[in-house]
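Trainee: Let's go through this one piece by piece. Start wherever you like.

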Amino acid sequence: MKIRFHDPRTDPVPEGWTEFVPAARLHPVWDYEVMGLDGWTARNPPMLVTIADGAGILAALSVLVCRPRLRPRFAPTPGHRLLRPFWAEVCQPWLSGYPGLVFAPRVAAAERRPVIREFERALRGRLGPGLLGVLYRALGEEFAKDLRGPGRLVKHVDSVAVLENRFDSEDEWIASLPKSRRGGLRRQRRRLAADPDLVVKGGPGREDVDSAEVAALIQAHRERHGRLALDSRTMPSAAFLRRFLRRPDVHTLTYTGADGRLLAVNTLLDHPDSPAKQHWGTLPVTEGGRQGLLFDSYIHAMRYATRRGVKELTAGRGLPELKATLGFRARPVYSAAVPRPVLGW
């Protein structure tokens with residue numbers, strides 16, 4: 001196996017990456033250019049690690065090299081070696097509920113554990129003695145099994161909301177919901193459609209969206225509701241979003257008031273099997289926002305999912321009780337902490 005480390009900010013696209021992304025059915029946030037754009041403004045920029053054999057890439061990991069919070073907000077320049085203690089996180093910071101570890105379809109389940117151990121040994125050698133250990137975030141049950149072992153802590157920490165798409169339309173989905181929720185969604189849809197002071201617009205590759213407004217709304221919402229324990233993510237930048245929202249595989253839903261003020265925004269990542277409701281941000285009602293926009297965004301998402309005929313829709317980690325009333329089930333999510341002495345073992 002060949003293990004290579006790539007800095008998306010400065011290094012060329014890894015050999016075989018263009019073929020691996022569709023073969024592994026990855027979401028748009030795994031695009032190498034997207035990772036590079038994110039990296040330039042990230043406090044802990046993503047590093048892409050590829051593991052290949054003679055047939056091409058068999059696994060890839062998104063790795064954040066995380067510094068203590070007392071350090072400066074932005075990342076060091078490419079190639080800079082950290083001297084103080086730090087840790088690494090295997091995660092995909094822009095995709096809630098999905099791991100930063102992916103395999104090619106040809107890799108059998110029994111082959112994953114040795115590949116992961118090889119990665120850990122290579123990472124320890126690459127990053128040097130300051131590495132305290134590795135934290136794997138948002139693992140599914142199968143990957144959690146691969147990370148178990150002496151000296152390793154694997155813990156169920158959360159869940160991601162998943163809705164199996166067995167419907168031909170959003171109306172059929174609404175009809176399947178409990179009576180109270182069903183009636184509420186229908187009333188909400190009629191009320192918003194009749195509101196002359198509300199502009200609702202959605203679609204892929206949006207060029208008419210103020211990315212600075214979107215960044216501020218998402219960040220404010222995250223501060224109120226969505227921060228993780230030991231959160232290594234960076235505030236979304238307007239520069240990144242300006243490019244990201246223009247991608248044809250990123251759908252942006254906006255709610256705008258009569259004065260042009262952005263009231264709420266939702267991004268949805270296209271995928272052949274599992275589109276993902278990604279970022280949500282909304283103004284509180286006390287600051288001029290509107291009630292019920294979150295529920296309306298689910299109607300739009302299910303309209304898209306049913307028209308595309310996808311297998312499922314995922315909707316992140318938060319508000320599990322509310323999402324259960326919309327037909328979502330909770331898929332368990334695990335974290336695994338691997339201290340330096342047992343890396344590779």
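## Loops, helices and rings

Mentor: Arg25 is partly exposed, at 41% relative accessible area; buried means under 20%, exposed over 50% and partly exposed in between, with a 1.4 Å probe and protein chains only.

Trainee: And where is Arg25 found?

Mentor: Arg25 is in the loop between α1 and α2. Helices here are DSSP runs of H or I with at least four residues, strands are runs of E with at least two, and both are numbered from the N terminus. Arg25 has a positive phi of about 55° although it is not a glycine.

Trainee: What are the ground rules for the model?

Mentor: This is a predicted model, with local features needing pLDDT of at least 70 and side-chain atom pairs counting only at pLDDT 80 or more, while totals for chains, interfaces and linings use all residues. Residues are numbered from 1 along each chain as its sequence is written, and side-chain values use heavy atoms, leaving out hydrogens and water.

Trainee: Back to phi. What about Leu319?

Mentor: Leu319 also has a positive phi, near 50°, and is a residue other than glycine. Leu319 sits in the loop between β12 (312–314) and α10 (320–324), and is partly exposed at 48% relative accessible area.

Trainee: Go back to α2. Which of its residues are buried?

Mentor: In α2, residues 32–41, the buried ones are Tyr32, Val34, Met35, Gly36, Asp38 and Gly39.

Trainee: What do they pack against?

Mentor: The buried residues of α2 pack against β1 (2–6), α1 (17–23), β2 (46–53), β3 (56–66) and α8 (238–244), where contact means heavy atoms within 4.5 Å.

Trainee: What caps the N-terminal end of α2?

Mentor: Asp31 does, with a side-chain oxygen 2.9 Å from the backbone nitrogen of Glu33.

Trainee: New topic: aromatics. How many pairs?

Mentor: Rings of Phe, Tyr and Trp (its six-membered ring) pair if their centres lie within 6.5 Å; planes under 30 degrees apart are stacked, over 60 edge-to-face, and the rest tilted. By this rule there are seven aromatic pairs. The rings of Trp17 and Trp30 have their centres 6.4 Å apart and their planes at 45°, so that pair is tilted.

Trainee: Where are Trp17 and Trp30?

Mentor: Trp17 is in helix α1 and Trp30 in the loop between α1 and α2, so the pair ties together parts 13 residues apart in sequence. Trp17 is buried at 3%, and Trp30 is buried at 2%.

Trainee: What about Trp94 and Phe244?

Mentor: Trp94 and Phe244 form a tilted pair, 6.3 Å centre to centre and 45° between the planes. Trp94 lies in the loop between β4 (86–90) and β5 (101–103) and Phe244 in helix α8, so this pair links parts 150 residues apart in sequence. Trp94 is buried at 8% and Phe244 at 1%.

Trainee: Which residues form a cluster?

Mentor: Trp17, Phe20 and Trp30 form one aromatic cluster.

Trainee: Now α6 and α9. At what angle do they cross?

Mentor: The axes of α6 (residues 179–193) and α9 (residues 293–308) come within 10 Å and cross at roughly 95°. Axes are lines fitted to C-alpha atoms, for helices over the stretch in contact, with angles from 0 to 180 degrees between N-to-C directions. That makes α6 roughly perpendicular to α9, a label for 65 to 115 degrees; under 35 is roughly parallel, over 145 roughly antiparallel and the rest oblique.

Trainee: Which residues make the contact?

Mentor: From α6 they are Arg181, Leu185, Gln188, Arg189 and Leu192, and from α9 Leu293, Phe295, Asp296 and Ile299. These divide into five nonpolar, one polar and three charged; Ala, Val, Leu, Ile, Met, Phe, Trp, Tyr, Cys and Pro count as nonpolar, Asp, Glu, Lys and Arg as charged, and the others, Gly among them, as polar.

Trainee: Is Asn165 buried or exposed?

Mentor: Asn165 is buried, at 14% relative accessibility, in the loop between β7 (153–164) and α5 (170–175). A polar atom of the Asn165 side chain lies 3.3 Å from the backbone oxygen of Ala305. Leaving out residues up to four places away in sequence, Asn165 touches Met302, Ala305, Thr306, Gly309, Val310, Lys311 and Glu312.

Trainee: Last one, Thr314. What polar contact does its side chain make?

Mentor: The side chain of Thr314 makes a polar contact with that of Tyr98, at 3.3 Å. A polar contact is a pair of N or O atoms within 3.5 Å; within protein, one must be able to donate a hydrogen and the other to accept it, and residues adjacent in sequence count only if both atoms are side-chain atoms. Thr314 is in strand β12 and is buried at 1%.
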